[in-house]
Amino acid sequence: MITVTIQGLSEFKDKMQKYRKSMTERKKEFLTRLGEIGIDTASVSFKTAHYDGVNDVNVSSKWNGSNTLIISATGQTVTFIEFGTGVTYADDHPLAQEFGMIRGEYGQGKGKQDSWVYYGEEGTMGEWLRTVDNQYVIRTRGNPANRCMYDAGKKMREEIEKIAKEVFRFD
């Protein structure tokens, strides 16, 4: 609670001007802190994801002007890890339909089958069958949706009010 007397009006005006000037820094701190939560949550999720094959995902952030912090995941396997692959696992990513990530329909479409083979690494659930020309032949039944970015966004939304109260407090 702020009590203002006529004698304190000048002091209050000075405090308000300082607070207003600090908003740019506070806004950047707010977005940075939210971004760190998103990056940390998504990075851990991608690193520990159930995925057959090489997991090449990197999560990072980039400023787009002074008001927007973009958090992105890059790598060839992002979509397969985020939304899952194959008809073996439930299609349980809340945004899969919205983004057109229908089980067995994207990628090379091999996910329509109960299992398929590829050359590469086993990952967390792939089954090594044999080696051909120094390459591993792996059987997969697909992957569950790991929801790394979706869950990172959810975690960020859960923390917005707490961080806002800390960053935008009026001293």
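Good morning. The structure is a predicted model, in which local features need a pLDDT of at least 70 and side-chain atom pairs count only at pLDDT 80 or more, while totals for chains, interfaces and linings use all residues. Residues are numbered from 1 along each chain as its sequence is written, and side-chain values use heavy atoms, with hydrogens and water left out.

I begin with the overall layout. The chain contains four helices and five strands. Here helices (H or I, at least four residues) and strands (E, at least two) are DSSP runs, numbered from the N terminus. Read from the N terminus, the order of elements is α-α-β-β-α-β-β-β-α.

What is the radius of gyration of the chain, and what would a compact globule of 171 residues have? The chain has 24 Å, whereas such a globule would have a value near 16 Å. The radius is taken over C-alpha atoms, and the globule rule is 2.2 Å times the number of residues to the power 0.38. Along the principal axes, the C-alpha atoms fill a box of roughly 85 × 30 × 25 Å.

Of the 171 residues in the chain, 33% are buried. Buried denotes under 20% relative accessible area, exposed over 50%, and partly exposed in between, with a 1.4 Å probe and protein chains only. The chain exposes about 11,200 Å², of which carbon and sulfur atoms supply 51%. These areas come from the Shrake-Rupley method with a 1.4 Å probe; for residues, only the protein chains shown count as cover. Among contacts with a separation of 6 or more, 60% join residues 24 or more positions apart; a contact means heavy atoms within 4.5 Å.

Next, the hairpin. Strand β1, residues 58-63, pairs with strand β2, residues 69-74, in the antiparallel sense over six bridges. Two strands pair if DSSP finds at least two bridges between them. Within this pairing, S60 stands opposite S72 in β2. Five residues lie between the two strands of the hairpin, where G65 takes a positive phi near 80°.

I turn now to T140. This residue lies in strand β5, residues 135-140. Is T140 buried or exposed? T140 counts as buried because its relative accessible area is 3%. Leaving aside residues up to four places away in sequence, T140 touches D52, D114, S115, W116 and Y118. The side chain of T140 also reaches the backbone nitrogen of G142 at 2.9 Å. That is a polar contact: a pair of N or O atoms within 3.5 Å, where within protein one must be able to donate a hydrogen and the other to accept it, and residues adjacent in sequence count only if both atoms are side-chain atoms.

The next topic is charge pairing. Side chains of opposite charge can pair when their charged atoms come close. How many salt bridges does a search of the whole structure find? The search finds nine, a salt bridge being a side-chain nitrogen of Lys or Arg within 4 Å of a carboxyl oxygen of Asp or Glu.

One of them joins R33 and E29, at 3.7 Å from N to O. Both residues lie in helix α2, residues 23-47, four residues apart, about one turn of the helix. R33 is partly exposed at 25% relative accessibility, and E29 is partly exposed at 39%.

In helix α4, residues 148-167, E161 and K165 are four residues apart and therefore separated by about one helical turn. Their side chains form a salt bridge at 3.2 Å, N to O, and both residues are exposed.

K162 and E166 also form a salt bridge, with the closest N and O atoms 4.0 Å apart. K162 has 47% relative accessibility, so it counts as partly exposed; E166, with a relative accessible area of 29%, is partly exposed. Why are K162 and E166 separated by about one helical turn? The reason is that they are four residues apart in helix α4. Salt bridges that share partners join E29, R33, K155, E159, K162 and E166 into one network.

Finally, two loop residues. N134, in the loop between β4 (127-132) and β5, has a positive phi of about 65° although it is not a glycine. N134 counts as exposed because its relative accessibility is 79%. R147, in the loop between β5 and α4, is likewise not a glycine and has a positive phi near 55°.
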